[in-house]
Amino acid sequence: MLESIRVAKRVGFDPVKVNAVAMRGFTEADIVPLGRLARELDVEVRFIEFMPLDAENRWERERVLFAQEIYDRLTREIMPLVPLDGHDPKTPAQEFQFQDGRGRIGLIASVSQPFCESCNRFRLTADGKLRNCLFAHDETDIKAILRGGGTDEDVADAVRKTIAAKWEGHQINTARFIQPERPMYLIGG
Ligand code: SF4
């Protein structure tokens with residue numbers, strides 16, 4: 001993996017972002033080494049709070065390692081983090097740089113500090129289904145429209161309707177939350 005990151009940088013990808021899912025009782029020991037890796041390779045390491053999108057349906061709130069804890073640990077054990085200028089509220093990560101300017105950190109606090117109200121994301125899966133949220137229960141079958149002879153306007157209409165139906169948020173922190181059937185690996189990043 002390290003060599004792949006180096007190659008990505010060498011051929012000009014910029015920025016290079018490395019995602020790491022943060023799970024309590026499992027990834028604490030990796031926080032500081034990953035922070036150091038961000039500095040050593042000059043990349044952005046993004047810590048993503050563990051979300052209930054696992055194929056095994058084993059997610060529990062107690063297993064989420066919160067972004068604030070990661071921030072505190074990096075600040076304490078490496079050096080203070082400074083927020084990057086020009087944060088776009090529609091992007092999921094809060095982005096920081098270590099105080100000396102070497103190495104970036106992204107914190108995606110999707111469970112502890114949901115950012116759904118500013119979300120502009122929707123996803124088209126590899127099997128042609130349009131989803132208006134990672135946690136959506138309904139999908140629009142775009143492939144079926146295309147294979148059924150649908151026009152560009154039919155597709156545009158379906159996309160508009162799907163986006164208009166976007167809900168207020170994932171509700172992970174409420175008793176109403178229901179994990180979607182499609183796990184993350186079948187959705188795409
Ligand atoms: S609305 Fe859905 S896709 Fe957007 S941030 Fe919330 S959970 Fe993620």
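How far apart do the C-alpha centres of domain 1 and domain 2 lie?

**Solution.** This is a predicted model: local features need pLDDT of at least 70, side-chain atom pairs count only at pLDDT 80 or more, and totals for chains, interfaces and linings use all residues. Residues are numbered from 1 along each chain as its sequence is written, and side-chain values use heavy atoms, without hydrogens and water. Start with the bounds: domain 1 is 2–108 and domain 2 is 119–186, taken from an automatic or database domain assignment. Their C-alpha centres lie 27 Å apart.

**Exercise 1.** Describe the interface of domain 1 and domain 2.

**Solution.** Take the contacts, meaning heavy atoms within 4.5 Å. Eleven residues of domain 1 touch 13 residues of domain 2. Next, the area. About 1,000 Å² is buried, that is, accessible area (1.4 Å probe) lost on putting the two parts together, summed over both. Carbon and sulfur atoms give 61% of this area. In domain 1, Pro-52, Leu-53 and Lys-90 lose the most, together 56% of what that side buries.

**Exercise 2.** Is Ser-110 buried or exposed?

**Solution.** Locate Ser-110: the loop between strand 5 (104–108) and strand 6 (123–124). Strands here are DSSP runs (E, at least two residues). Ser-110 counts as buried because its relative accessibility is 5%; the cut-off is under 20% relative accessible area (1.4 Å probe, protein chains only). Now list its contacts, leaving out residues up to four places away in sequence: Ile-48, Glu-49, Met-51, Phe-115 and His-170.

Terms used:
Helix = DSSP H or I, 4+ residues; strand = E, 2+ residues; numbered from the N terminus. Buried < 20%, exposed > 50% of the residue type's maximum accessible area, 1.4 Å probe, protein only.
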